[in-house]
Amino acid sequence: MSAGGGNQLISVLPEELRFQFELEKQSFCDLKVSNNTENHVAFKVKTTSPKKYFVRPNTGVIQAWDSCVIRVTLQAQREYPPDMQCKDKFLLQSTIVPPDSDIDELPQDTFTKESGRTIEECKLRVVYLTPGSGQGNEDGASMRGLDTNSNQTFQRLKEERDSAVRQTQTLQQELDILKRRRYRKGDPSFSFTFAIFMGLIGLMVGFLLNLSLSSPPIEVSQSTESSPLMD
């Protein structure tokens with residue numbers, strides 16, 4: 001049974017796993033698995049190359065008409081495959097389970113035909129893409145766009161900060177000149193001028209503090225290894 005077909009317990013999108021392949025770099029592909037029934041459906045992911053991929057989660061239970069996202073991560077590889085062709089395959093098994101079932105409490109033979117259950121299988125092939133192909137993972141493209149925007153914003157804030165620092169230094173130099181003049185000549189207008197420059201310096205310092213308060217948080221997630229695909 002192929003992904004996305006009709007009259008299935010679940011549907012899977014996309015219909016194949018696409019990875020941007022670069023040496024010594026990880027790559028990932030997200031699968032959206034939807035329960036098309038009014039029953040609880042358990043699933044399990046298997047692959048012909050379990051050492052090359054991490055799958056999170058590799059098993060689970062999806063409630064009626066609900067969905068979940070499975071992230072498949074290709075581990076960093078040291079060499080290119082011949083002609084960039086991949087023979088790896090994935091198998092997504094699914095079966096109906098009782099309501100409120102916990103995946104940790106399901107019998108070990110849940111996904112075997114010996115259990116007497118109806119087991120549906122969805123086969124997914126793997127496609128490797130070169131970085132310049134322009135058909136990579138959409139999430140990866142979104143993250144790269146976000147990184148570009150963040151770098152541009154950071155550069156702009158850095159330039160504004162440097163400009164503010166230069167203006168503050170100029171004001172400080174002029175203030176020092178005014179102080180020296182006062183000591184030499186006793187300038188009666190110094191007090192008023194001094195107050196103005198101190199106010200300007202205070203505004204510039206406040207502006208610098210405001211610029212230093214933007215750093216977006218970074219989340220780190222963990223992955224679990226997928227089950228081997230048995231012939």
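Trainee: What is Val72 in contact with, leaving aside its neighbours within four places in sequence?

Mentor: Val72 touches Leu17, Phe19, Ser27, Phe28, Cys29, Leu31, Tyr53, Phe54, Val55 and Phe90. Contact means heavy atoms within 4.5 Å.

Trainee: Before we go on, where do the numbers come from?

Mentor: This is a predicted model, so local features need pLDDT of at least 70 and side-chain atom pairs count only at pLDDT 80 or more, while totals for chains, interfaces and linings use all residues. Residues are numbered from 1 along each chain as its sequence is written, and side-chain values use heavy atoms, with hydrogens and water left out.

Trainee: How many residues are in the largest nonpolar core, and which have the most contacts inside it?

Mentor: That core has 26 residues, and those with the most contacts inside it are Phe19, Tyr53, Ile70, Val72, Phe90, Leu92 and Tyr128. A nonpolar core here is a set of buried Ala, Val, Leu, Ile, Met, Phe, Trp, Tyr and Cys residues joined through side-chain atoms within 4.5 Å. Buried is under 20% relative accessible area, exposed is over 50%, and partly exposed is in between (1.4 Å probe, protein chains only).

Trainee: Which elements give two or more residues to this core?

Mentor: Strands 1 (10–13), 2 (17–20), 3 (27–35), 4 (40–47), 5 (53–56), 7 (67–74), 8 and 9 (120–129). Strand 9 gives the largest share, four residues. Strands are DSSP runs of E, at least two residues, numbered from the N terminus.

Trainee: And the second, separate core?

Mentor: It has five residues, including Ala164, Leu171, Ile201 and Met204.

Trainee: How many bridges join strand 5 and strand 7?

Mentor: Four, in the antiparallel sense. Arg56 stands opposite Arg71 in strand 7.

Trainee: Switching topic: is Leu124 buried or exposed?

Mentor: Leu124, in strand 9, is buried because its relative accessibility is 4%. Leu124 and Val12 are 112 residues apart in sequence and 9.3 Å apart in space, C-alpha to C-alpha.

Trainee: What about Ile96?

Mentor: Ile96 lies in strand 8 (residues 89–97) and is partly exposed, at 36% relative accessible area. Beyond neighbours within four places in sequence, Ile96 contacts Leu9, Asn39, His40, Val41 and Arg117.

How values were computed: Pairing = 2+ DSSP bridges.
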